[in-house]
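Subject: Handing over a structure, with notes

Dear colleague,

I am passing on a structure that you have not worked with before, and I would be grateful if you could look through it alongside the notes that follow.

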Amino acid sequence: MSHSITDELIEAGSDVSKPHIFDFYLYFRTSDEALEADRRLVSMGYAVERRPAVEEPGWLCVAQKALTPSPTIMSHTLEDLERVVADFGGKHDGWEVEFPE
């Protein structure tokens, strides 16, 4: 990836030396797949909110975690999330971040 999450945060004026609260949006076809993904994500240190999806059929898991967004950490994080969605038939549909104060 030529333009990383870390680059985007720096361009937005954020201090990437501090932890940021990230929300990652993961969609799954069934509640059972979402539940299994939820369990895996929790074991990986995420706080997870699982609910029926509004704009798409299926279920949404919002996986939240505080991360200090270095390129390496973010790359590993995205790889881990892609593995979860691959294992449970889902898709990763982006992220949002809360900047530190």
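In these notes a residue is called buried under 20% relative accessible area, exposed over 50%, and partly exposed in between, with a 1.4 Å probe and protein chains only. By that scale A47 counts as partly exposed, because its relative accessibility is 44%.

Please keep in mind that this is a predicted model, in which local features need pLDDT of at least 70 and side-chain atom pairs count only at pLDDT 80 or more, while totals for chains, interfaces and linings use all residues. Residues are numbered from 1 along each chain as its sequence is written, and side-chain values use heavy atoms, with hydrogens and water left out.

The sheet

Helices (H or I, at least four residues) and strands (E, at least two) are DSSP runs numbered from the N terminus, and two strands pair if DSSP finds at least two bridges between them. Here 4 strands form an open sheet with antiparallel pairing, in the order β2-β3-β1-β4. Since β2 and β4 (91-98) stand at the edges with a single partner strand each, one side of each is left without a neighbour in the sheet. Taking contact to mean heavy atoms within 4.5 Å, and leaving aside neighbours within four places in sequence, A47 is in contact with V62, A63 and Q64. Between β1 and β4, which run antiparallel, there are 6 bridges, and L26 stands opposite H92 in β4.

The core

A nonpolar core is a set of buried Ala, Val, Leu, Ile, Met, Phe, Trp, Tyr and Cys residues joined through side-chain atoms within 4.5 Å. The largest one has 19 residues, of which F22, F24, L26, F28 and L41 touch the most other members. At least two residues of this core come from each of α1 (5-11), β1 (20-28), α2 (31-43), β3 (59-67) and α3 (71-87), and α3 gives the largest share, 5 residues. Apart from it lies another core, of 5 residues, among them Y27, A53, L60 and V62.

A residue in helix α2

E33 is located in helix α2 and is buried, because its relative accessible area is 17%. The side chains of E33 and R29 are joined by a polar contact of 2.9 Å, that is, a pair of N or O atoms within 3.5 Å, where within protein one must be able to donate a hydrogen and the other to accept it, and residues adjacent in sequence count only if both atoms are side-chain atoms.

With best wishes
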